Amino acid sequence: MTFKIQKIRVYWSAEWFASLAPYTVVDAEDFTAQTGGETLSTDVTHELKPVVNFGMGLEWFYSSRFKGYGSFTTDYSAKKTGTSTDLSVTDWDIFHVVTGGELKLRKSSVTIGLGYSFGSREIGDRPDLLPPDAASGLWDPFGA
């Protein structure tokens with residue numbers, strides 16, 4: 001949705017993602033543990049909760065050659081808390097704030113901007129996708 005109020009335009013957006021009922025992605029056969037003798041399952045399941053994300057942006061015209069921008073958007077996680085096996089790696093809720101401007105020079109436009117994102121995270125159990133030293137030297141989303 002867009003509204004124009006004199007030299008300002010206001011933009012709104014929203015997106016909704018439905019929940020996803022639990023289902024089995026990998027249906028592996030149960031096996032007996034070598035130590036302890038208990039029966040173990042390595043099934044991989046997945047489920048998601050419903051999510052609504054929204055955004056708001058402003059565009060203001062200072063002059064015929066310069067305009068500025070600002071926005072705020074949400075990025076909520078659909079990971080359902082309490083699930084032990086899940087394909088979602090994190091359940092971070094992230095908020096984005098962005099600002100910038102556009103300067104028209106002859107037949108060209110120069111745009112510059114700056115953004116900042118912040119949010120919450122609950123790390124929980126680290127998934128064993130790779131051996132601990134396999135990602136050495138790479139960015140680790142679970143690092144402190």
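**Salt bridges and a nonpolar patch**

Guide: Arg9 has a relative accessible area of 28%, so this residue counts as partly exposed. Please bear in mind that the model is predicted.

Visitor: With which residue does Glu59 form a salt bridge at 3.9 Å between the closest N and O atoms?

Guide: Side chains of opposite charge can pair when their charged atoms come close. A salt bridge requires a side-chain nitrogen of Lys or Arg within 4 Å of a carboxyl oxygen of Asp or Glu. The N and O atoms here are 3.9 Å apart, and the partner of Glu59 is Arg9.

Visitor: How many residues apart are Glu59 and Arg9?

Guide: Glu59 lies in strand β7, whereas Arg9 lies in strand β2. The pair therefore links distant parts of the chain, with a separation of 50 residues.

Visitor: Is Glu59 buried or exposed?

Guide: The term buried applies under 20% relative accessible area. Glu59 has a value of 5%, so the residue is classed as buried.

Visitor: Which residues are linked with Glu59 in a network of salt bridges?

Guide: Glu59 forms a salt bridge with Arg9. The side chain of Glu59 also meets that of Lys67 in a salt bridge, at 3.1 Å from N to O, and both Lys67 and Glu59 are buried. The residues linked with Glu59 in the network are Arg9 and Lys67.

Visitor: Where is Lys80, the residue that pairs with Glu47?

Guide: Glu47 and Lys80 form a salt bridge, their closest N and O atoms being 3.4 Å apart. Glu47 belongs to strand β6 (residues 44–48), and the two residues are 33 residues apart. Lys80 is in the loop between β8 (66–75) and β9 (93–105).

Visitor: Which elements give two or more residues to the nonpolar patch?

Guide: The patch covers about 670 Å² of surface and is made by Met1, Phe3, Ile5, Ile8, Trp12, Met56 and Leu58. The elements that give two or more residues are β1 (2–5), β2 (8–17) and β7 (51–61).

Methods. Residues numbered from 1 in each chain as written. Predicted model: local features only at pLDDT ≥ 70, side-chain atom pairs only at ≥ 80, totals over all residues. Heavy atoms only, no water. Patch = residues over 30% accessible without salt bridge, like charges linked within 9 Å, V, L, I, M, F, W, Y side chains within 5 Å. Areas by Shrake-Rupley, 256 points an atom, 1.4 Å probe, with all protein chains shown as cover. Helix = DSSP H or I, 4+ residues; strand = E, 2+ residues; numbered from the N terminus. Buried < 20%, exposed > 50% of the residue type's maximum accessible area, 1.4 Å probe, protein only.
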